[in-house]
Amino acid sequence: MDNMNKDNYDVVQDEANVQRYRQRRVDGFKLNISDSSGFTEEISSDSTNAAPSEDTSNDITSFSDETTRARIERDSKKELRRQRKEEKKIERIKSGRNKKIYRFAWLSMLIILCVVAAQYLIVGCNDFLAITRKDKTTATVRVEAGDDMGDIARKLEKENIINDSSFFALFAAVTSQDEPIEPGIYQIPKNLDYLGVINYLQYTDNRQITITVQITEGTNILDLADVLYEAGVTYDKEEFLELCNSTRFDEDFPFLKDIEDNDERIYRLEGYLFPDTYEFYMHESPEITINRLLSNFENKVYETKYTVEGYKEPVTLIDLVNESGFTLDEVVNLASLVQAEAADTEDMYKVSSVINNRLSYGSQSDIHSLGLDCTAFYPYKNKDKVPQDIRDTFHSDYETYNTNGLPPGAVCNPGADALLAAVVPADTDYLYFCHGTSEDGTVTPYYAVTFSEHQNNMAQAGLS
């Protein structure tokens, strides 16, 4: 056999061997399927044809040639690149859509913010230039120690001197006009622009250092504390009230030493803070304020002389008190009741006669109490003044419907007329009084000696 034939023979033999090997592998192939019960099913073409000498546990081997494998690998990579391009394309589309949404949202927000800012600036500029403010009247603003420009701005807005406190405070900060303002009372015109308002506050000659306050007759201590605080006189109401129940002033005003100790008395100085028109310093010490009021009381009782019917010469109140049989404290107490109950000065003397008659001989007519409305809610002036959380259950130790005699102390601060009426009452036999009020506000007093007369008066007054 020549070389060519030998080579052809070898090739044929090799192919034959390969075919025989493949056939043995196919004949020896088994499929094992296991279920949960452990059952195994064997599938074999012919167990007797298996070649036990061959290792069938290996993975199936691909006999594709290198060219085929390379082509498959290239196709796989190409498909992978195509998929990645598709994914990137989809991402770009999504990203583009999201950008459009985000741009639209931001543009909308920007437009809204611009509109709001423009409106704020327009309103603020109108306020800054006082374009809409034509009122030439003035308003009172109290600047307290420690107030910053924000605090002052809110007070200006509350009094309608400006319209926007936040814009005013911003303007003051931007223009470096937010320096502290001297405490005081300022009467500021309502038609000034921002610069005008600030300049007015910074000009110290516009500041009122003293304050004129009129304290009306019949004001009790709780209301007086509010009046003085609102006017800018006292800066601490609690300290004022504590001093009104202390013995701090007894050394300077000896008449206070005669006040009897009484645990039921709420404010020891009630009745002694004389009502009048005063000139106070702003934010003065509560002790100084009380000293002013007590000094005026002392002057009105011990120094001032009054023309009184039945006396040839003018007399002082303390002279009348000494002749009355009452102590000064009892007269002050009685005068506070007269002040609180009477309709006018003339009525005071007859109301005083009723109270004096009841105290003197009321028990003879089976009248054992004063029965005065003004005492029912003290230290509050009336039921509406009682804090709402205790209003329904409130009871005053000063009430005079179920107790005998005068209340533990005065219920308000009486004026000179009430003090005079307390010590020189009208000469009557009256034991009852009431008041009727007409539609125009006119008050008509009614007096009676007997209870039946009083009932008739109550009907006429529209009270029964």
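The model is predicted, so local features need pLDDT of at least 70 and side-chain atom pairs count only at pLDDT 80 or more, while totals for chains, interfaces and linings use all residues. Residues are numbered from 1 along each chain as its sequence is written, and side-chain values use heavy atoms, with hydrogens and water left out.

Let's start with the overall picture. The protein chain has 13 helices and 11 strands, taken as DSSP runs (H or I of at least four residues for helices, E of at least two for strands) and numbered from the N terminus. Of its 464 residues, 35% are buried; here buried means under 20% relative accessible area, exposed over 50% and partly exposed in between, with a 1.4 Å probe and protein chains only. Contact means heavy atoms within 4.5 Å. Among contacts between residues at least 6 apart in sequence, 62% join residues at least 24 apart.

Next, the aromatic rings. Rings of Phe, Tyr and Trp (its six-membered ring) pair if their centres lie within 6.5 Å; planes under 30 degrees apart are stacked, over 60 edge-to-face, and the rest tilted. That rule gives 12 aromatic pairs. One of them is Phe253 with Phe255, a tilted pair at 5.9 Å centre to centre and 55° between the planes. Phe253 is buried at a relative accessible area of 4%, and Phe255 is buried at 5%. Tyr430 and Tyr447 make a stacked pair, because their centres are 5.2 Å apart and their planes meet at 20°. Tyr430 lies in the loop between helix 12 (416-423) and strand 10 (432-437) and Tyr447 in strand 11 (residues 443-448), so this pair ties together parts 17 residues apart in sequence. Tyr430 is partly exposed, at 25% relative accessible area, whereas Tyr447 counts as buried at 18%. Phe253 and Phe255 also belong to one aromatic cluster with Tyr272, Phe297 and Tyr302.

The charged end of Arg142 sits over the ring of Tyr229, 4.9 Å from its centre. Arg358 lies over the face of Tyr432, with 5.0 Å to the ring centre.

Arg358 brings us to helix 11, where it is one of the buried residues. This helix (residues 345-361) has 17 residues and spans 25 Å from its first C-alpha to its last, close to the 24 Å expected (1.5 Å times one less than its number of residues). The buried residues of helix 11 pack against helix 10 (328-341), helix 12, strand 10 and strand 11. At its start, a side-chain oxygen of Asp344 reaches to within 3.3 Å of the backbone nitrogen of Glu346.

Where does Asp429 lie? Its place is the loop between helix 12 and strand 10, and at 53% relative accessibility Asp429 counts as exposed. Leaving aside neighbours within four places in sequence, Asp429 is in contact with Asn357, Tyr361 and Val449.

Asn333 counts as buried, at 6% relative accessibility, and its side chain reaches the backbone oxygen of Pro407 at 2.9 Å.

Technical notes:
Lys NZ or Arg CZ within 6 Å of the ring centre and 35° of its normal. Polar contact = N/O pair within 3.5 Å; in protein donor to acceptor, adjacent residues only side chain to side chain.
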